[in-house]
Amino acid sequence: MTEEPAENISGGDAGGGRESAFPAAEEPSSRAEAVVDRLGGMYWQKRYGGQDGFECLVRTVLSQNTSDKASQPAHDALMERYGAGGPADGGDLARSLAAAEQSRLAETISHAGLYNQKSETLIRLAKRVLEEHGGTAAFDAFVREGDPEAVREALLGMKGVGPKTADCVLLFAGGRSGVFPVDTHVHRLYRRLGIAPATADHETVRAVLERDVPPAKCGFGHTASIQFGRDYCTARRPACLDDPDACPLGDLCEQVGVYPATGEVVDPADADVEEVG
């Protein structure tokens with residue numbers, strides 16, 4: 001896997017390396033683009049593309065329903081035991097995982113939570129990759145070079161791979177522009193902002209964002225929105241609840257489901273609002 005870039009093209013203070021300007025539009029084409037541009041002054045851009053496709057798929061499965069702090073040690077332990085650095089089958093991660101003993105793999109990734117379910121999923125995915133592509137290298141090339149819609153459809157056809165996982169593989173391994181994966185933070189944030197319908201499911205939020213955010217900004221929008229959801233717009237206690245000036249996106253937000261006057265916070269789908277189109 002390639003290293004994260006040293007250059008800060010987002011303008012935020014955190015991180016190392018050199019800084020350069022985030023390409024904010026003088027006149028954003030939509031409120032969603034205005035949000036992403038505002039986040040561009042706060043956070044660093046990660047690397048989009050460059051990861052190995054199957055390892056990225058494995059990493060994303062491990063991250064399901066858990067934090068990066070928990071999934072990273074599980075990924076590292078898995079790669080040490082089954083990857084090129086460990087006793088893998090010829091350095092082929094898919095072949096190594098396909099032959100893995102499920103209980104041993106579960107023990108290896110126990111930090112990630114749901115380790116029995118995830119170990120079964122990883123073995124099943126590895127076998128599918130071997131059957132359809134013959135090995136890790138061919139699958140990686142398919143993710144990198146195949147038609148994006150065909151790649152997404154193939155990934156979604158694998159049991160245990162949902163839209164967010166498929167889109168993360170397209171973004172972080174395939175380097176595809178115009179892909180805006182929607183996790184729980186993104187789903188909450190853009191409905192709370194009033195940019196997506198309050199009752200929208202994950203796929204509807206994705207469609208709105210990929211329509212309204214320029215393709216080159218979608219990858220950054222995904223990672224920056226997740227960080228903003230963790231830092232400011234948390235599920236139970238968003239920053240605006242106690243101080244209306246505490247949120248950097250306050251002037252762009254409709255506060256759907258957030259009621260500072262009463263201190264109540266509900267899911268946007270449960271808020272008393274008119275649907276946006």
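A salt bridge is a side-chain nitrogen of Lys or Arg within 4 Å of a carboxyl oxygen of Asp or Glu. The model is predicted, so local features need pLDDT of at least 70 and side-chain atom pairs count only at pLDDT 80 or more, while totals for chains, interfaces and linings use all residues. Residues are numbered from 1 along each chain as its sequence is written, and side-chain values use heavy atoms, with hydrogens and water left out.

**View 1. A salt bridge joins R31 and E254.** The closest N and O atoms of R31 and E254 are 3.2 Å apart. R31 lies in helix α1 (residues 31–39) and E254 in the loop between α12 (215–231) and β3 (258–259), so the pair ties together parts that are 223 residues apart in sequence. Helices (H or I, at least four residues) and strands (E, at least two) are DSSP runs, numbered from the N terminus. R31 is partly exposed, with a relative accessible area of 29%, and E254 is also partly exposed, at 46%. Here buried means under 20% relative accessible area, exposed means over 50%, and partly exposed is in between (1.4 Å probe, protein chains only). The structure holds 15 salt bridges.

**View 2. A salt bridge joins R81 and E107.** Their closest N and O atoms are 3.1 Å apart. This pair links distant parts of the chain, with R81 in helix α3 and E107 in helix α5, 26 residues apart. R81 has a relative accessibility of 25% and counts as partly exposed; E107 is partly exposed at 49%.

View 3. E210 is partly exposed, with a relative accessible area of 24%, whereas R206 counts as buried at 16%. Salt bridges that share partners join R152, D167, E203, R206 and E210 into one network.

**View 4. Helix α3 has buried residues along one face.** Helix α3 has 15 residues (residues 68–82) and should span 21 Å at 1.5 Å a residue; its end C-alpha atoms are 20 Å apart, which agrees. The expected span is 1.5 Å times one less than the number of residues in the helix. The buried residues of α3 are A70, S71, A74, H75, L78, M79 and Y82. Seen down the axis of α3, these buried residues fall within an arc of 155°, so they line one face of the helix. The arc is that of the directions from the helix axis to the C-beta atoms. On the other side of α3, K69 and E80 are exposed. What covers the buried residues of α3 includes α2 (53–63), α4 (93–98), α5 (102–108) and α6 (115–133), where contact means heavy atoms within 4.5 Å.

**View 5. Two aromatic pairs are shown, F180 with Y190 and F228 with Y232.** Rings of Phe, Tyr and Trp (its six-membered ring) pair if their centres lie within 6.5 Å; planes under 30 degrees apart count as stacked, over 60 as edge-to-face and the rest as tilted. By this rule the count comes to 5 aromatic pairs. The ring centres of F180 and Y190 are 6.0 Å apart and their planes stand at 85°, so this pair is edge-to-face. F180 lies in the loop between α9 (163–172) and α10 (184–192) and Y190 in helix α10, so the pair ties together parts that are 10 residues apart in sequence. F180 is buried, with a relative accessible area of 0%, and Y190 counts as buried at 0%. The pair of F228 and Y232 is stacked, with 5.0 Å centre to centre and 25° between the planes. F228 is buried at 1%, whereas Y232 is partly exposed at 27%.

**View 6. The structure holds 0 disulfides.** A disulfide is a covalent bond between the sulfur atoms of two cysteines. The cut-off used here is a pair of cysteine sulfur atoms within 2.5 Å. The sulfur of C56 is 6.9 Å from the closest cysteine sulfur, in C168, too far for a bond. C56 counts as buried, with 2% relative accessibility. For C240, the closest cysteine sulfur is in C247, 6.0 Å away and too far for a bond. C240 counts as buried at 12% relative accessibility.
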